[in-house]
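Subject: Structure for you to look over

Dear colleague,

Here is the structure I promised to pass on, with the sequence alongside. Please open it first, and then read the notes below with it in view.

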Amino acid sequence: MNHLLKVPLLAGRAFSTSTRQLRNKVPEAQKLFQEDNGLPVHIKGGTSDVLMYRATMTLTIAGTCYSLYWLLMASLPQKKA
């Protein structure tokens, strides 16, 4: 029963932010994304952003083609055996 009395104290320690300070990275990111270097905003983050963009576009186009293929197959009359 005594351990239940310590729960509020332990919970307060677990969620306390006084032990570590986080560095604010927002100003650095704002400088990066506000540069006028001719790149669209979705690829200004570097190589990883370019790879994610290309993977997303590839999957989107492949999924669209796959859906259109099956839509075409469903619309054609079935062959009788």
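Helices, as the word is used in these notes, are DSSP runs of at least four residues, numbered from the N terminus. Please keep in mind throughout that this is a predicted model.

By that definition the protein has 4 helices and 0 strands, and the order of its elements from the N terminus is α-α-α-α. Of its 81 residues, 4% are buried, while the protein exposes about 8000 Å², of which carbon and sulfur atoms supply 65%.

I would begin with Lys44, which sits in the loop between α3 (26–34) and α4. Lys44 is buried and yet has no salt bridge, since the nearest side chain of opposite charge, that of Asp36, is 6.0 Å away, and a salt bridge is counted here because a side-chain nitrogen of Lys or Arg lies within 4 Å of a carboxyl oxygen of Asp or Glu. If neighbours within four places in sequence are left aside, the residues in contact with Lys44 are Leu32, Phe33, Gln34, Glu35, Asn37, Leu39 and Asp49.

In general, side chains of opposite charge can pair when their charged atoms come close. Glu28 counts as partly exposed, at 44% relative accessibility, whereas Arg23 is exposed, with a relative accessible area of 57%.

The aromatic residues of helix α4 deserve a look as well. A search of the whole structure finds 2 aromatic pairs. In one of them, the rings of Tyr66 and Trp70 have their centres 6.3 Å apart and their planes at 75°, so this pair is edge-to-face. Both residues lie in helix α4, 4 residues apart, which is about one turn of the helix. Tyr69 and Trp70 also form an edge-to-face pair, with 5.1 Å from centre to centre and 75° between the planes, and ring pairs thus link Tyr66, Tyr69 and Trp70 into a cluster. Tyr66 is exposed, at a relative accessible area of 54%, while Trp70, at 46%, counts as partly exposed, and Tyr69 is partly exposed at 43%.

Met73 is found in helix α4 (residues 47–75) and is partly exposed, with a relative accessible area of 35%.

Technical notes
Residues are numbered from 1 along each chain as its sequence is written. This is a predicted model: local features need pLDDT of at least 70, side-chain atom pairs count only at pLDDT 80 or more; totals for chains, interfaces and linings use all residues. Side-chain values use heavy atoms; hydrogens and water are left out. Helices (H or I, at least four residues) and strands (E, at least two) are DSSP runs, numbered from the N terminus. Buried means under 20% relative accessible area, exposed over 50%, partly exposed in between (1.4 Å probe, protein chains only). Accessible areas come from the Shrake-Rupley method with a 1.4 Å probe; for residues, only the protein chains shown count as cover. Lys and Arg count as positive and Asp and Glu as negative; His and the chain ends are not counted. Contact means heavy atoms within 4.5 Å. Rings of Phe, Tyr and Trp (its six-membered ring) pair if their centres lie within 6.5 Å; planes under 30 degrees apart count as stacked, over 60 as edge-to-face and the rest as tilted.
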